[in-house]
Amino acid sequence: MTKFSELNLNPKVLKAIEEAGYETPTPIQEGAIPPALAGRDVLGIAQTGTGKTASFTLPLITMLTRGRARARMPRSLVLCPTRELAAQVAENFDTYAKHVKLTKALLIGGVSFKEQDLLIDKGVDVLIATPGRLLDHFERGKLILNDVKVMVVDEADRMLDMGFIPDIERIFGLTPFTRQTLFFSATMAPEIERITNTFLSNPERIEVARQATASENITQGVVMFKGSRKDREATEKRKALRMLIDGEGEKCTNAIIFCNRKTDVDIVAKSLKKYGYDAAPIHGDLDQSQRTKTLDAFRGGGLRFLCASDVAARGLDVPSVSHVFNFDVPGHAEDYVHRIGRTGRAGRDGKAIMICVPRDEKNFEDIERLLQKAIPRIDNPLSTGTTQDATAAASTPTEKPKRTRTRSKKSEQPQVQAETSADVGAPVQEPAVAPVQAPAPAPKAEPEPKQSRSRSPRGRSSSGERGGNNNDRNSNRVVGLGDHTPTFIQKSFAERYEGETNGA
Ligand code: AMP
């Protein structure tokens, strides 16, 4: 097994690694660090949790210790899809660079331009940024990218989901052709393949885990859930969530609860709070200081339940999350793997429980197909009144995914006591005997904002970031041509017509 000391890293970086308590490099580090230090392009196919941040940060710091930054001309660039990931990379950078003298600036939305400008003006060695904010600075004439020697693209597949690829292509075009590129993606979608073929030069390709691999130390379970009546499904689902949490008892020290829509993130967090659970929401519409506060509280153990959207939580590194609850089945099977990967980190055991309603069964089948195994079924806690720990049987899953679609026979429907949608604002006590009230209208699907690919500030989401999430990926929506409008479309009809006649 390779040791860090054999990787040619700067001795001061090695000291910081030792202080961080790392003993041996992870496979992505072992694979990526030597070619990166040799000046080669790297294509790392790795998920979060594999140590990929250090696999580019460590060689980057080592390389940057030679030379100095010039005003407004950063020497390296790290692009991340979300503010949280960018902030996390910045934290990693601080940890590993603590014994060397390097400067960094974090360019993310929700922070004043002035502060960021001041840092850039002084000259920075590393610029860690979300693509939108970086281009904003560039367009304001505050940033020159001609001196970028190394460009890192982190979580490229998420960039694709969020509509950032045109921005990334543009940024590639603004940096010198001779730059070194370290490119990371959990998956290699055709569009990602295209980008790497275009912008990477003979990269060293390192693939550390299959994209469908869920960590072995995560126990999984699913409740095939059906409301007693369609109009009660949402409230009963929230009750089921509470019962599932309760069923885990003290083993559930903290948890991330994933919802597909931002509105549901808010509703579930509010509902849990009303019932006395220590919960808070995080998603792209909340202002940055709120998001940071919530995340810090969750990381520090001051918050037990983090209700999150994919975009807000993807890639976040909180080492000890005991449980992940999927309040909704994600619309894209790979997101399931990413979501549950928030637990069972750093060799710990984790548990992932999902609630699947009939309309999500198709997406659920996709997940089992991707995992190539069945997720053990847990009894509906509302039917049994308790949470039977069916996940205990997780070690002996059936070989073939069961058919999950059931006929809607009345007799099969769980006989549950109605809980109202007013639980969000209801008193904490006796939820099960609350009077039946008119159900609240189902919250409108509201995917996180899809970014405009135009550079107009009007294309901005309220969160100040470009991009949205992938919740609408299954909707077969035509997403437009982005920056790649063919020339013939840009011409007026008369021009086109004229061209044709002239050519004839
Ligand atoms: P990442 O995949 O970059 O999100 O890293 C996941 C976690 O692994 C982070 O908490 C890192 O601090 C940790 N980590 C990174 N490299 C190592 C290593 N060589 N040994 C132990 N932990 C590591």
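Me: What makes a pair of residues a contact here?
Reply: Contact means heavy atoms within 4.5 Å. Of the chain's contacts with a separation of 6 or more, 75% are between residues 24 or more positions apart. This is a predicted model: local features need pLDDT of at least 70, side-chain atom pairs count only at pLDDT 80 or more, and totals for chains, interfaces and linings use all residues. Residues are numbered from 1 along each chain as its sequence is written, and side-chain values use heavy atoms, with hydrogens and water left out.

Me: Why is Asn92 called buried?
Reply: Buried means under 20% relative accessible area, exposed over 50%, partly exposed in between (1.4 Å probe, protein chains only). Asn92 has 17% relative accessibility, so Asn92 counts as buried.

Me: Where is Asn92 found, and what is Asn92 in contact with beyond four places in sequence?
Reply: Asn92 is in helix 4 (residues 83–96). Helices (H or I, at least four residues) and strands (E, at least two) are DSSP runs, numbered from the N terminus. Setting aside neighbours within four places in sequence, Asn92 touches Thr53 and Thr57.

Me: How do you know that Lys239 is buried?
Reply: The relative accessible area of Lys239 is 14%, therefore Lys239 is buried. Lys239 belongs to helix 10 (residues 233–248). Pro381 is 142 residues away from Lys239 in sequence, yet their C-alpha atoms are 8.9 Å apart.

Me: Which residues of helix 2 are buried, and what covers them?
Reply: In helix 2 (residues 27–37), the buried ones are Ile28, Gln29, Ala32, Ile33, Pro35, Ala36 and Leu37. Their cover includes strand 1 (42–45), helix 3 (52–64), strand 6 (180–185) and strand 7 (204–207). Gly39 follows helix 2 with a positive phi, near 85 degrees.

Me: How many helices and strands does the chain have, and what share of the chain is buried?
Reply: The chain has 18 helices and 14 strands. Of its 504 residues, 53% are buried.
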